[in-house]
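Hi,

Here is the model I promised to pass on. My notes follow below it.

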Amino acid sequence: MAELAELDNYQQRACRLIDKNVFFANDLQSIAMAKAICESCVIIQECYETSIANREYYGTWGGVSEDQRQRVIINKKPKSA
Ligand code: SF4
C-alpha cells in the first residue's frame, strides 16, 4: 500500500488546513468533528486502510476513532499457536 502522502489527491485531503489537535483529542466533541471532516475527504478509504496497516493506535483516521480502530487492530493480531 502506498503512503498517504504519495497519493495523487493527497493535497486535497479534508484535514490539510485543520488543526491536527482535533484528530488527536479524546473528547467526544472533537472526535465527532474529526469524523465529520473525514466524511468529506477524498482519501478516506486509503486513510483508513493505511492507519490499520501502520497500526496507528492514536487519533481519528479515515473517519474511525482511536477506540474503534484499536478494536480492529487487536482483532487482526495473529493468533498464537
Ligand atoms: S480521512 Fe480524515 S484524517 Fe484521513 S486524510 Fe482525510 S480528513 Fe485527514
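First, a term: a residue is called buried if 20 or more other C-beta atoms (placed from the backbone) lie within 10 Å of its own, exposed if 12 or fewer, and partly exposed in between. This is a predicted model, in which local features need pLDDT of at least 70, side-chain atom pairs count only at pLDDT 80 or more, and totals for chains, interfaces and linings use all residues. Numbering starts from 1 along each chain as its sequence is written.

The protein chain has four helices and zero strands; these are DSSP runs, numbered from the N terminus (helices H or I, at least four residues; strands E, at least two). Buried residues make up 20% of its 81 residues.

Ile31, Ala34 and Cys38 are its buried residues. Down the helix axis they fall within an arc of 65 degrees, so they line one face of α2 (the arc is that of the directions from the axis to the C-beta atoms). They pack against α1 (21-24) and α3, with contact meaning C-beta atoms, placed from the backbone, within 7 Å. On the face turned away from that buried side sit the exposed Leu28, Gln29, Ala32, Ala36 and Glu39.

Now the ligand: 13 residues surround it, and the closest are Arg13, Cys15, Cys38, Cys41 and Cys47. Near here means a C-beta atom, placed from the backbone, within 6 Å of the molecule. Both α2 (28-39) and α3 (44-53) supply at least two residues of this shell.

Best wishes

Methods
Two residues are in contact if their C-beta atoms, placed from the backbone, lie within 7 Å.
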